[in-house]
Amino acid sequence: MAEAPGKPKGYNPLFLYGESGLGKTHLLYAIAHAIHTQFPDYRIVYIKGDAFTNELVTAIREGRNQEFREKYRSADVFLMDDVQFIAGRESSQEEMFHTFNALYEDGRQIVFTADRPPKEMLRLDDRLKTRFEWGLPVDIQPPDYETRVAIIKNKAIHRGMHLPDPVLRYIADNITSNVRQIEGTVNKILAFQELMGEQVDVDTVTRAVQDMFKNKTDFLPSTDVIIEEVGKWYNLSPQDIRGQTRTKDVALARQVAMYEIRRMTNLPLKEIGQAFEGRDHTTVMHSIKQVETMIKTSPEMAEIIKDINANINARYE
């Protein structure tokens with residue numbers, strides 16, 4: 001695909017999907033670099049899904065719709081990271097539909113990344129799902145044990161460090177899904193060794209990186225982070241969500257924030273209420289029950305919660 005962008009129709013669009021930390025964004029940059037090297041005159045545009053939405057909102061507000069469209073529809077190569085964030089956003093999906101059609105019909109290369117395949121994006125328009133599936137979908141899987149050992153050994157060598165086989169096996173056994181975390185582990189071992197001057201063995205490594213082997217459920221995101229991420233999703237400020245505004249959109253975002261805080265931190269209802277200008281625990285309880293009901297009855301709400309959770313978790317990777 002990089003050797004002949006947009007020419008092999010079977011590779012257009014290229015759709016990379018998989019969990020966080022497996023190198024999807026790295027591949028986007030590699031694609032952009034390879035194409036730029038071979039075709040230096042090509043106009044390559046990279047954008048994240050949420051940034052695309054934010055730019056569109058600004059363009060509409062400032063009356064720069066045509067400028068926005070020309071920026072993306074004139075690209076020779078269009079790369080979008082985390083395309084799942086346009087799902088459920090009507091204006092963004094409409095704009096993406098026309099942008100995709102314009103690029104595809106002109107034989108321009110399109111590449112997307114996402115955390116799931118198009119068919120699992122429940123809030124994505126069907127016409128976009130089918131277009132995203134036209135080309136080549138690629139499932140980026142976590143590395144197997146042998147690959148993890150090779151990655152750890154390679155990163156250690158690049159940092160001038162020798163890790164004994166028992167240490168390699170220990171790290172590979174404990175980090176199974178995230179290459180980014182593997183790199184962080186090697187960095188931490190190196191720093192620990194430089195500071196403490198100790199020989200690297202399994203016991204040393206265990207002391208150095210034991211906190212990195214905790215399960216996701218072992219960390220507690222802060223109330224501020226949760227409210228901020230819910231606000232980003234609904235295009236609201238943390239002040240809006242914490243405050244007294246009672247419009248439908250703000251009230252829903254506030255309920256979602258209360259639900260997420262309770263689920264992810266297990267704070268007492270009274271403390272959660274304090275984070276929302278002193279609302280009492282019955283209000284918090286009602287909000288949590290409302291969201292729980294919506295999740296059970298609405299696949300769309302269940303997917304929204306999943307996306308917000310992913311954004312919150314990403315802050316702690």
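**Entry 1: the second largest pocket**

I began with the lining of the second largest pocket, to which H10, H12 and H15 each contribute at least two residues. I note at the outset that the model is predicted. H15 gives the largest share of this lining, with 3 residues. I then looked up the volume, and the second largest pocket holds about 280 Å³ of space. Its lining comprises 13 residues, of which Trp233, Tyr234, Asp249, Leu252 and Ile304 are the closest to the centre. By class, I recorded 6 nonpolar, 3 polar and 4 charged residues in the lining of this pocket.

**Entry 2: helix H10**

I turned next to H10, which runs over residues 223-234. Its 12 residues reach 17 Å from the first C-alpha to the last, close to the expected 16 Å. The buried residues are Thr223, Val225, Ile226, Ile227, Glu229, Val230, Gly231, Trp233 and Tyr234. Among the elements that cover them I listed helix H11 (238-242), helix H12 (248-265) and helix H15 (299-314). Just after H10, I noted a positive phi of about 55 degrees at Asn235.

**Entry 3: helix H6**

Which residues of H6 are buried? I recorded Arg148, Val149, Ile151, Ile152, Lys155 and Ala156. They lie on the same side of H6, because they cover an arc of only 160 degrees around the axis. On the other side of H6, I found Glu146, Ile157 and His158 exposed. The cover over the buried residues of H6 includes helix H7 (165-174) and helix H8 (179-196). After H6 comes Gly160, for which I noted a positive phi near 70 degrees.

**Entry 4: Arg69**

I looked up its relative accessibility, which is 29%, so Arg69 counts as partly exposed; the partly exposed class lies between under 20% (buried) and over 50% (exposed). Setting aside residues up to four places away in sequence, I found that Arg69 touches Ser74 and Glu95. I also checked Arg69 against Ala59: the two are 10 residues apart in sequence, and their C-alpha atoms are 9.5 Å apart in space.

Note on methods: Residues numbered from 1 in each chain as written. Predicted model: local features only at pLDDT ≥ 70, side-chain atom pairs only at ≥ 80, totals over all residues. Heavy atoms only, no water. Helix = DSSP H or I, 4+ residues; strand = E, 2+ residues; numbered from the N terminus. Expected span 1.5 Å × (residues − 1). Buried < 20%, exposed > 50% of the residue type's maximum accessible area, 1.4 Å probe, protein only. Contact = heavy atoms within 4.5 Å. 1 Å grid on protein atoms, 1.4 Å probe; cavity = no way out; pocket = protein on both sides within 12 Å on 5 of 7 lines; lining within 4 Å. Points joined across faces, edges and corners; volume = space filled by probe spheres on them. Nonpolar A, V, L, I, M, F, W, Y, C, P; charged D, E, K, R; others polar. Arc of directions from axis to C-beta.
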